Structures are given as structure tokens and as C-alpha cells.
Amino acid sequence: MTIAIGDKLPEATFKEKTEDGMTETKVSDLFAGKKVVLFAVPGAFTPTCHLNHVPGYIENRDAILAKGVDEIAVVSVNDAFVMGAWEKATNGTGKLRYLSDWDASFTKAIGLDADLSAGTLGTRSQRYSMIVEDGTVTALNIEDTPGKAVTSGAAALLDQL
């Protein structure tokens with residue numbers, strides 16, 4: 001079952017590659033008492049994700065934060081080392097949190113997993129964005145066309161804040 005507006009996010013643990021090494025962040029810790037924009041991509045370094053989706057959030061970061069958002073995070077079913085390299089490649093350090101859902105446990109728990117084996121990617125996340133307030137989804141935008149980042153893009157989400 002796909003997560004919906006009004007649902008509480010399920011508990012899961014993300015991994016992040018930081019300057020201090022590998023860290024783990026629980027969903028409950030990341031979202032507790034905060035307003036967070038979370039968006040997901042099918043894969044780090046893939047064309048739409050790398051050239052459109054992440055850059056849109058970096059470019060609109062200040063405008064999003066000015067609307068009362070505490071943090072912006074991107075999640076992908078990639079390992080933390082790939083996400084760390086992608087953070088550097090997109091100049092996103094200090095701007096976005098790059099969360100690794102390395103085993104797709106979070107993605108599957110919210111019902112937004114996708115079998116992208118035909119494109120050699122295996123199990124990945126659908127492309128989406130959401131606004132989460134104190135762990136509860138208050139807006140959810142699932143992209144109909146995976147090769148585009150319009151519905152789930154930063155400009156569309158900014159209009160929802």
C-alpha cells in the first residue's frame with residue numbers, strides 16, 4: 001500500500017557518508033519536530049536525477065527554507081558511498097542531505113518501490129517529493145513519468161508550501 005497524505009512515515013534507517021565516516025539516521029530522528037522536504041530519485045548520477053531533479057532543489061533551496069522548512073533531503077536506493085560521491089558531484093554539500101536507502105527498506109515500506117530491471121537498475125524508488133511535518137506526510141507528489149521531474153520537482157513543491 002502506498003503512503004498517503006496524513007500517514008506517519010514508517011521507521012527505517014538511512015545511511016550517510018559524511019566527512020566523519022558512515023553514519024546512520026533513523027526516520028524518527030530525522031523528522032521529529034521538523035518540517036522536512038523529502039524527495040526521491042530512481043538513481044544517483046542517472047540523467048534526470050543528476051541534471052534536473054537535484055539541481056532544482058539546490059537552486060530553490062533558500063526559497064524553500066524561507067517557507068519554514070527545516071531541512072531538504074534526497075533519498076535513493078543506492079549505497080552510501082555512491083550518495084556521498086553524488087553529493088560532491090552536484091555541489092550539494094551543506095545544501096541537501098543525501099540519504100542512502102541501501103536495501104530499499106524505507107522505499108518498500110512506503111510502497112513507492114519500482115522494478116527498473118529493464119533499465120538495468122533493479123529495485124529502485126519511484127520519483128516523488130513530499131512535505132513531512134513531525135513525521136506525518138502533509139503533501140505527496142508522485143511522478144507519472146519517471147524520466148521527468150515536474151510533479152515532484154522543486155518548483156511544484158515550492159508552490160505547495
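User: Buried means under 20% relative accessible area, exposed over 50% and partly exposed in between, with a 1.4 Å probe and protein chains only. How many of the six residues of β8 are buried?
Analyst: This is a predicted model, in which local features need pLDDT of at least 70 and side-chain atom pairs count only at pLDDT 80 or more, while totals for chains, interfaces and linings use all residues. Residues are numbered from 1 along each chain as its sequence is written, and side-chain values use heavy atoms, with hydrogens and water left out. Helices (H or I, at least four residues) and strands (E, at least two) are DSSP runs numbered from the N terminus. Strand β8 is largely enclosed by the rest of the structure, because the number of its six residues that are buried is five.

User: Which residue takes a positive phi near 50° in the hairpin of β8 and β9?
Analyst: Most residues other than glycine have a negative phi. The hairpin of β8 and β9 has two residues between the strands, and the residue in question, in the loop between β8 (128-133) and β9 (136-142), is partly exposed, with a relative accessible area of 42%. The residue with this positive phi is Asp134.

User: Is Ser125 buried or exposed?
Analyst: Ser125 lies in strand β7 (residues 123-125). Leaving aside neighbours within four places in sequence, Ser125 is in contact (heavy atoms within 4.5 Å) with residues including Ala40, Val41, Thr107 and Leu112. Its relative accessibility is 1%, so Ser125 counts as buried.

User: Which element gives the largest share of the lining of the largest pocket?
Analyst: A pocket is an open set of points on a 1 Å grid over the protein atoms alone, where a 1.4 Å probe fits and protein lies on both sides within 12 Å along at least five of seven lines, and lining residues have an atom within 4 Å of a point. The largest pocket is lined by 13 residues, with Lys17, Thr18, Glu19, Glu87 and Lys88 nearest its centre. The elements that give two or more residues to this lining are β1 (13-18), α4 (80-89) and β5. The largest share, five residues, comes from α4.

Key
Pairing = 2+ DSSP bridges.
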